[in-house]
Amino acid sequence: MLPKIPLDRWVESVITWLNTNLAFLFHFFSSIIGGIVGGFTFLFHAFPALVVIVILTLLAYYFGKWRLALFAVLGLLLILNLGYWEPTMDTLALVLTSALISIILGLPLGIWCARNRSVRSTLTPILDFMQTMPAFVYLIPAVTFFGLGVVPGVIASVIFSIPPTIRLTNLGILQVPDDLVEAADSFGSTPAQKLFKVQFPLALPTILAGVNQTIMLSLSMVVIASMIGAQGVGADVYRAVTQLKTGQGFEAGLAVVVLAILLDRLTQSVIGKKRTAKPSFALKKPLIIAAVVAFCIAAIFIGIRNKAPVATGSSVGDQVGYSIIGIDPGSGLMNAADKALKAYDLTSWKLIEGSSTAMTIALDRAYKESKPIIVTGWTPHWMFAKYELKYLADPKNVFGGDEEIHTIVRLHLQADQPAAYQFLDRFQWKPADMEQVMANIQEGYKPEEAASQWVEANPDKVNAWISGIPKVGGKKIKLAYVAWDSEISSTNVVKYVLESKLGYQVDMLQVEAGPMWAGIASGDADAMVAGWLPTTHQDYYEKFQGKFEDLGPNLVGTKLGLVVPAYMSVTSIEDLAVK
């Protein structure tokens with residue numbers, strides 16, 4: 001068998017080289033993009049909500065007449081009534097910034113493709129790659145290069161949404177009738193005159209259709225972008241999903257739907273308006289273009305002027321921008337961190353929601369540059385083996401004492417799958433065991449490979465789990481888990497033992513914490529070894545009480561809290577307060 005091509009390591013090497021040698025360029029682009037988003041956000045929040053609603057309604061009436069105007073006023077008033085006005089405006093700023101950058105880059109590239117066959121042949125497979133690659137993949141390099149927040153969200157949205165503008169610009173120009181192009185040539189038109197006087201105006205409806213699709217795709221990224229700290233209504237949707245709050249998820253999703261329909265109908269109406277444009281409207285175009293350009297230039301200068309300062313020897317808050325990098329919204333750790341901010345009177349601090357992956361990427365970036373950073377952390381976790389970290393003291397004990405990871409199974413599993421139940425009831429290991437599996441995964445091993453190595457290297461512990469349990473003939477069992485490094489390790493170890501030692505066929509279901517507990521409670525999954533108690537998953541434990549069986553802890557000695565690199569002088573959460 002041929003050895004595996006180390007493509008993952010090659011990609012990581014390229015990203016590391018880019019991040020090391022082009023950091024100044026990424027900081028410059030971050031300032032520009034942050035400035036544009038900040039400019040749009042300021043514009044939408046500078047006026048009362050009712051004033052913005054009136055302006056958008058008048059705009060909808062101008063382009064789409066009374067039906068679109070009626071939808072705009074009713075939809076926006078509904079968003080205001082439900083309490084999602086501010087996050088919706090944040091989302092609108094993110095979408096417009098992504099669309100603006102996509103148009104600025106996409107139109108020239110589309111024109112270039114139409115005028116040069118070699119460029120078209122080169123860009124076509126790249127666009128195919130950009131449109132078919134899962135959008136989540138773009139989050140990793142975006143966070144690596146640009147940190148957490150709206151900027152990586154915009155970058156990921158641009159990569160995901162720019163192809164329609166390029167493709168349809170190219171298509172629209174190529175579809176201009178040849179006889180019209182020949183007529184322009186016969187009258188001695190220059191290439192620029194032929195493009196802007198003949199081809200571009202005739203291709204404009206198709207080009208605007210591409211712009212419409214770009215805007216829609218940008219909006220579809222808002223929920224995904226919320227996983228890396230891009231605030232907006234997408235964060236509310238993501239929070240509702242992780243906490244299984246159906247009502248709140250529907251409300252936040254409805255805000256996205258209203259915004260999507262409004263943007264879609266507006267852009268489609270602009271296309272129709274362009275087709276029947278009057279001279280008076282054409283005269284206004286230079287003013288509109290000048291206003292947009294002036295706003296963007298002002299936003300860029302604002303972004304550069306407000307560029308985050310380099311960490312100094314002042315307060316810890318100044319050094320980290322009064323931000324704590326968190327994980328999944330709604331998790332017990334995030335709830336405890338939010339309580340800590342209140343308990344220690346850290347009113348000027350902000351807890352950034354995201355994901356555990358985004359948090360570790362941000363930590364890795366800061367650690368390599370010896371920059372200060374504060375993250376929400378827990379043990380066991382591989383980051384404590386890779387970096388020199390320390391917990392901040394918690395004098396008020398907001399995060400509570402040590403936690404335990406429990407094994408939770410569905411009701412009646414003992415009767416249906418007695419062998420699996422007996423093994424799961426016995427399964428127990430130590431933090432050092434879990435950290436060993438996690439470390440191997442971080443070194444490049446696949447989770448199942450790291451799990452099998454640990455199982456085969458620890459026969460005494462494994463035999464104690466399965467002693468006296470008869471093998472089964474290929475029965476199926478489903479294990480649910482959340483994609484945390486600790487749970488990936490433990491669930492793969494359990495899976496390997498069930499399959500290789502007891503003869504089961506195991507299906508692994510990767511879900512968020514809320515759906516994981518709901519799956520056990522409903523019987524859609526048979527078991528999990530990922531119940532963090534009594535803090536992290538306490539809400540789910542109480543919500544589904546009586547619908548599952550708790551087999552007790554499989555690992556003790558875990559810990560939650562705020563974590564900083566060892567090179568930072570701060571030692572306690574109390575030290576974060578401004579004095």
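I began with Asn-492, which I located in helix α23 (residues 485-500), taking helices as DSSP runs of H or I of at least four residues and strands as E runs of at least two, numbered from the N terminus. The model is predicted, so I kept in mind that local features need pLDDT of at least 70 and side-chain atom pairs pLDDT 80 or more, while totals for chains, interfaces and linings use all residues. Residues are numbered from 1 along each chain as its sequence is written, and side-chain values use heavy atoms, without hydrogens and water.

I noted that Asn-492 is buried, with a relative accessible area of 8% (buried is under 20%, exposed over 50%, partly exposed in between, with a 1.4 Å probe and protein chains only). Setting aside neighbours within four places in sequence, I found Asn-492 in contact with Pro-447, Glu-448, Ala-451 and Met-508, where contact means heavy atoms within 4.5 Å.

Next I looked up the cis peptide bonds. One joins Thr-379 and Pro-380, with omega about 10°, and Pro-380 lies in the loop between β3 (375-379) and α17 (383-386). Another runs from Leu-533 to Pro-534, with omega near 10°, and I placed Pro-534 in the loop between β8 (527-533) and α25 (538-543).

I then turned to positive phi values in residues other than glycine. Ser-370 has phi near 55°, lies in the loop between α16 (356-368) and β3, and is exposed at 52% relative accessible area. His-412 has phi of about 70°, sits in the loop between β5 (403-410) and α18 (413-416), and counts as exposed at 61% relative accessibility.
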